[in-house]
Amino acid sequence: MTLIDRRAFITMLGGSILAAPLVAGAQQAGKVYRIGYLSAGSPSPLRQVFEQALRERGWVPGENLVIAYRYAEEKYDRLPGLAAELVRLEPQVIVAVPTAGARAAKNATSTIPIVMWGVADPIGEGLVASFARPGGNVTGFTGTTFETFAKQLQLLKEAVPRARRIAFLRNPANPAAVPGVKTVKEAARTLGVELQVVDARAPEEFEPAFRAMVQARADALLVYPDIAFYPHLGRLADLSVRNRLPTMCGADRYAKAGGLMNYSANLADMVRQVAGHVDRLLRGANPAELPVEQPTKFELDINLKTAKALGLTIPPALLLRADQIIE
């Protein structure tokens, strides 16, 4: 067991022991706990996964728990207002995703425990002091890191060995996208490929973005896993095929939506872990001492139908490493 794991275990155990009588008494007295959930995106099936994971830990929405959901629906400028709205409800815990959501929640309260997830650089964003001891009211899980970007580019380069210039599609309205570019450039440099940064804030900007990629003679495309892109993965997949651009995306359902490849954390697994953090905080754990964790389950999915449409032969060695092959 590592030092971080040991601290997490001790914190969890101590918090559970101290809080168990309190929670039991509260349930007997009929107290209902409240969670705020702040997302920059839109409602998704992950909501059901989250609630089921809470039920498995004894927290049942409608019985001893109320969850107040607030979705910015891909409009980042709405997050501060939604965060303030949640704080006024005085929840025991706030869940916030991704970086912009966590930042808005932290700006809205310094006392209510916050469980962030999908945050690329929580230390650089000033959300926590360190992974082992966050030091404030924010804990939770990281998102796409340098290692993840490097792995995505490496896998894309294996699928398209001839690639010398790779386009990188991002949403500049996402505050995490700026440091994300620096991270991806560093990863590209290690692979000896040139990176072309292309911006798109909304679906209507997708086609001009792809025209810019084609004009710059990009050989392949890496899509930043922006929450604003998630409702439009099928559109991005269609444009990548029409423009003959083999594409890797950090969204865990991109290949199922018709894209060539995705390498990403399993979001359902991550949300279940988020529910675990919420449970610990409701039972008395201190967010300042509850370590920030990284996703543990990553998956590589490859769509062979899309590969065929692109005229691309995926190397057998890469196929053997895939978690899911879509034919």
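How many helices and strands are there in the protein? There are 11 helices and 12 strands, where helices (H or I, at least four residues) and strands (E, at least two) are DSSP runs numbered from the N terminus.

Before I go on, this is a predicted model, in which local features need pLDDT of at least 70 and side-chain atom pairs count only at pLDDT 80 or more, while totals for chains, interfaces and linings use all residues. Residues are numbered from 1 along each chain as its sequence is written, and side-chain values use heavy atoms, with hydrogens and water left out.

Overall shape, then. Along the principal axes, the C-alpha atoms fill a box of roughly 65 × 40 × 35 Å. Of the 327 residues, 54% are buried, meaning under 20% relative accessible area with a 1.4 Å probe, protein chains only. A contact means heavy atoms within 4.5 Å. Among contacts between residues at least 6 apart in sequence, 69% join residues at least 24 apart.

Next, helix α6, residues 177–191. Its 15 residues reach 21 Å from first C-alpha to last, close to the 21 Å expected at 1.5 Å a residue; the expected span is 1.5 Å times one less than the number of residues. The buried residues of α6 include V181, V184 and A188. The buried residues of this helix pack against α5, β6, β7 and β8. After α6 comes G192, with a positive phi near 75 degrees.

Is F210 buried or exposed? F210 counts as buried because its relative accessibility is 1%. Leaving aside residues up to four places away in sequence, F210 touches L221, L236, L239, S240, N243 and L245.

Last, the largest pocket. About 620 Å³ of space lies in it. A pocket here is an open set of points on a 1 Å grid over the protein atoms alone, where a 1.4 Å probe fits, with protein on both sides within 12 Å along at least five of seven lines; lining residues have an atom within 4 Å of a point. The lining has 39 residues, with V97, W117, I227, Y230 and L267 nearest the centre. Strand β10 gives the most, three residues.

Technical notes: Points joined across faces, edges and corners; volume = space filled by probe spheres on them. Buried < 20%, exposed > 50% of the residue type's maximum accessible area, 1.4 Å probe, protein only.
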